[in-house]
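Subject: Structure for you to look through

Dear colleague,

I am passing on the structure that we talked about, and below it I have written out what was found, one region at a time. Please keep the sequence and the 3D view open while you read, so that you can look up each residue as it comes.

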Amino acid sequence: MSYQFITYEKRDRVAVVTLNRPESMNALHLEAHLELQEAWEDFRDDPDVWVAILTGAGDRAFCAGNDLKVTAERTARGGDVQGEARPPFGRITRDFDCPKPIIAAVNGVAAGGGLELILACDIVVASEHARMGLPEPKVGLFAGAGGAHRLARQIPFKVAMGMLLTGDLIDAPEAHRIGLINEVVPHEELIATAQAWADRIIRCSPLSVQLTKEAVFDAQFLNIDDAFRKDNGRRDRLLASHDFVEGPRAFAEKRQPEWTGR
Ligand SMILES: CCCCCCCCCCCCC[C@H](O)CC(=O)SCCNC(=O)CCNC(=O)[C@H](O)C(C)(C)COP(=O)(O)OP(=O)(O)OC[C@H]1O[C@@H](n2cnc3c(N)ncnc32)[C@H](O)[C@@H]1OP(=O)(O)O
C-alpha cells in the first residue's frame, strides 16, 4: 500500500510508522488520519509483525494534533468538518487498542491528538527536546480522541487535570518525572532506543505479549468479573498453544525459544 502522509516500513517483526507531514508539524488532517488507520489495520492483521514503533518525520514535531489550518479552511468553505471529526474522535486511538504493543518514539512536540496518540501507545521514549500537552481548550475543542479519559488513568489525577484544563505543554523531563513516558534520551539516540525496546519485546512469545496487553486493557475498562472471565479464556488459549510448549522446553534445553505466536 503506498501512502502520501505517513510512511510504513516492516523489518524483522517490527513495523515503523512515521507521520510524514513535517511541513505542518506532522499535524493530522482527515486524509492523514485515514492512512494511519489503514496502517494500523495492516499491522494488527499481519502475523509476521509483532511490535510497532510510531514516530514523526523531522526534528520539530512528533504530531501537532488536528491540522487546525485545514479545519479552518474547510469550516470557512462550509465543509462537513463535523462529519470529518466524528470518526477520528472515536477512532484515532481506538484503533491502537489492537493487542500488539506500540512504542512511541517522540521526536518533538506532541500536542492534542499528538499526545492522544502517545496515550494510546504502550511504551514511550522521548527526545530530550520533546514537549507534550492537550491544548484543545485553547482552540475551542476538547481532548475527545482519548485524552480526556486516558490521561488521568496514566498520571496523577490532579496533575492530569492541571494539563487538561489549562492546555499547557510540559517538557520531556517533566513528562518522565510524572510517569507519562518511560525514557528521555538524547535526540540522536531516540530511534535506536525505541528499537531496543522492540527487540526486548520480540524475544518474548508474541501470543503471551498480546494476551497480556488484552488482559491489561480489559482490567482497565471492564468490571472485575468480566475481566477475570476473559482472562480464563485467554489462559485456555495460551495453554493450548505451541508457544506454551516451546517456552518451558527452550528454557530446559538452555536455548532461545522459536516462537510462532500460535
Ligand atoms: C477536530 C476536527 C477534526 C477533523 C478531522 C481530523 C482528523 C484527524 C484527527 C486528529 C485528532 C483530533 C482530536 C484532537 O483531540 C483535537 C486536536 O488535536 S485540536 C489541535 C491541538 N493542537 C494544537 O492546538 C497545537 C497548535 N500548535 C501549537 O500550539 C504550536 O504550533 C506548537 C505545536 C506548540 C509548536 O509551537 P512552535 O514550536 O512555536 O511552532 P509554531 O507555533 O511556530 O508552528 C510552526 C508551524 O506549524 C504550524 N502548526 C503548528 N501546529 C499546527 C496544527 N495543529 N495544525 C496546523 N498547523 C500547525 C504553525 O502554524 C506554523 O506554521 P507557519 O506559521 O510557520 O506556516
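This is a predicted model: local features need pLDDT of at least 70, side-chain atom pairs count only at pLDDT 80 or more; totals for chains, interfaces and linings use all residues.

With a relative accessibility of 1%, asparagine 26 counts as buried.

The loop between strand 2 and helix 1 also holds methionine 25, and this residue, again not a glycine, has a positive phi of about 55 degrees. Methionine 25 is partly exposed, with a relative accessible area of 24%, whereas asparagine 26 is buried.

Strand 1, which covers residues 6–11, and strand 2, which covers residues 14–19, run antiparallel and are joined by 6 bridges. In this pairing tyrosine 8 stands opposite valine 17 of strand 2, and threonine 7 has threonine 18 of strand 2 as its bridge partner. The two strands form a hairpin with 2 residues between them, and in the turn aspartate 12 has a positive phi of about 50 degrees.

Strand 2 also pairs with strand 3 (residues 51–56), this time in the parallel sense and over 6 bridges, and there alanine 15 stands opposite alanine 52 of strand 3. How many of the residues of strand 2 are buried? The count is 6 of the 6, so strand 2 is largely enclosed by the rest of the structure. Val14, Val16 and Thr18 point one way from the strand, while Ala15, Val17 and Leu19 point the other way, and all of them are buried.

Next, please turn to the ligand, which is surrounded by 33 residues, the closest being Asn66, Leu68, Gly113, Glu116 and Glu136. An oxygen atom of the ligand lies 2.6 Å from a side-chain N or O atom of glutamate 116, and for glutamate 136 there is likewise a ligand oxygen at 2.6 Å from an N or O atom of the side chain. A nitrogen atom of the ligand is 3.0 Å from a polar atom in the backbone of alanine 64. The ligand taken alone exposes 1,200 Å², of which the protein buries 74%.

Which elements give two or more residues to the shell around the ligand? They are helix 1 (30–45), helix 2 (68–76), helix 3 (81–91), strand 6 (109–111) and helix 4 (113–119), and the largest share, 4 residues, comes from helix 3. Sorted by class, the shell has 19 nonpolar, 7 polar and 7 charged residues.

Finally, I looked at the cysteines, for which the count comes to 0 disulfides. For cysteine 63 the reason can be followed step by step: a disulfide needs two cysteine sulfur atoms within 2.5 Å, but the closest cysteine sulfur, in cysteine 121, is 11 Å from the sulfur of cysteine 63, which is too far for a bond. Cysteine 63 is buried, with a relative accessible area of 0%, whereas cysteine 204 is partly exposed, with a relative accessible area of 37%.

With best wishes

Key
Residues are numbered from 1 along each chain as its sequence is written. Side-chain values use heavy atoms; hydrogens and water are left out. A residue is near a molecule or strand if one of its heavy atoms lies within 4 Å of it. A polar contact is a pair of N or O atoms within 3.5 Å; within protein, one must be able to donate a hydrogen and the other to accept it, and residues adjacent in sequence count only if both atoms are side-chain atoms. Accessible areas come from the Shrake-Rupley method with a 1.4 Å probe; for residues, only the protein chains shown count as cover. Ala, Val, Leu, Ile, Met, Phe, Trp, Tyr, Cys and Pro count as nonpolar, Asp, Glu, Lys and Arg as charged, and the others, Gly among them, as polar. Two strands pair if DSSP finds at least two bridges between them. Buried means under 20% relative accessible area, exposed over 50%, partly exposed in between (1.4 Å probe, protein chains only).
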